[in-house]
Amino acid sequence: MKYFRVKALYPKNNMEIIVDSYGKYDEIWQLSAFLVSKGLKILQVWDDGKVPNTEFPKIEEKDINNIIIRRCKYV
């Protein structure tokens, strides 16, 4: 299973989010496309080998049904 992290901006409310996905998507573009379909603008993406552990450590449980919001803040 693949682990992805995406930082995105919701321009309508000027809100930035970071989401993680562990096993729900096979490719990073699938997660990005889902977020874009919800009105978000992709700012940065990381795949399994490049997810930084400095701000938020990776989630440990494999959850193939959900994406996990790690941060949500107004910018």
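The following legends describe an overall view and several close-up views of a predicted model.

In this predicted model, local features require pLDDT of at least 70 and side-chain atom pairs count only at pLDDT 80 or more, whereas totals for chains, interfaces and linings use all residues. Residues are numbered from 1 along each chain as its sequence is written, and side-chain values use heavy atoms, with hydrogens and water left out.

**Figure 1. Overall view of the chain and its elements.**
Helices (H or I, at least four residues) and strands (E, at least two) are DSSP runs, numbered from the N terminus. Along the principal axes, the C-alpha atoms fill a box of roughly 35 × 25 × 20 Å.

Of the 75 residues, 35% are buried. Buried means under 20% relative accessible area, exposed means over 50%, and partly exposed lies in between (1.4 Å probe, protein chains only). Among contacts (heavy atoms within 4.5 Å) between residues at least 6 apart in sequence, 65% join residues at least 24 apart.

**Figure 2. The aromatic pair of Tyr3 and Tyr22.**
Rings of Phe, Tyr and Trp (its six-membered ring) pair if their centres lie within 6.5 Å; planes under 30 degrees apart count as stacked, over 60 as edge-to-face and the rest as tilted. The count by this rule is one aromatic pair. Tyr3 and Tyr22 form this edge-to-face pair, with 5.0 Å from centre to centre and 70 degrees between the planes. Because Tyr3 lies in strand S1 (residues 3-10) and Tyr22 in strand S2 (residues 15-22), the pair ties together parts that are 19 residues apart in sequence. Both Tyr3 and Tyr22 are buried.

**Figure 3. Asn14 in the loop between S1 and S2.**
Asn14 is located in the loop that lies between S1 and S2. Phi of Asn14 is near 55 degrees, a positive value in a residue other than glycine. With 35% relative accessibility, Asn14 counts as partly exposed.

**Figure 4. Lys7 and its contacts.**
Lys7 belongs to strand S1. The C-alpha atoms of Lys7 and Ile17 are 5.7 Å apart in space, and the two residues are 10 apart in sequence. Neighbours within four places in sequence left aside, the contacts of Lys7 include Glu16, Ile17, Ile42, Trp46 and Arg71.

**Figure 5. Ser32 in helix H1.**
Ser32 is part of helix H1 (residues 28-37). The relative accessible area of Ser32 is 14%, so Ser32 is buried. Apart from neighbours within four places in sequence, Ser32 is in contact with Val6, Ile42 and Val45.

**Figure 6. Glu60 in the loop between S3 and S4.**
Glu60 occurs in the loop between strand S3 (41-46) and strand S4 (63-74). Because its relative accessible area is 76%, Glu60 is exposed. Glu60 and Tyr22 are 38 residues apart along the chain, and their C-alpha atoms are separated by 8.6 Å.
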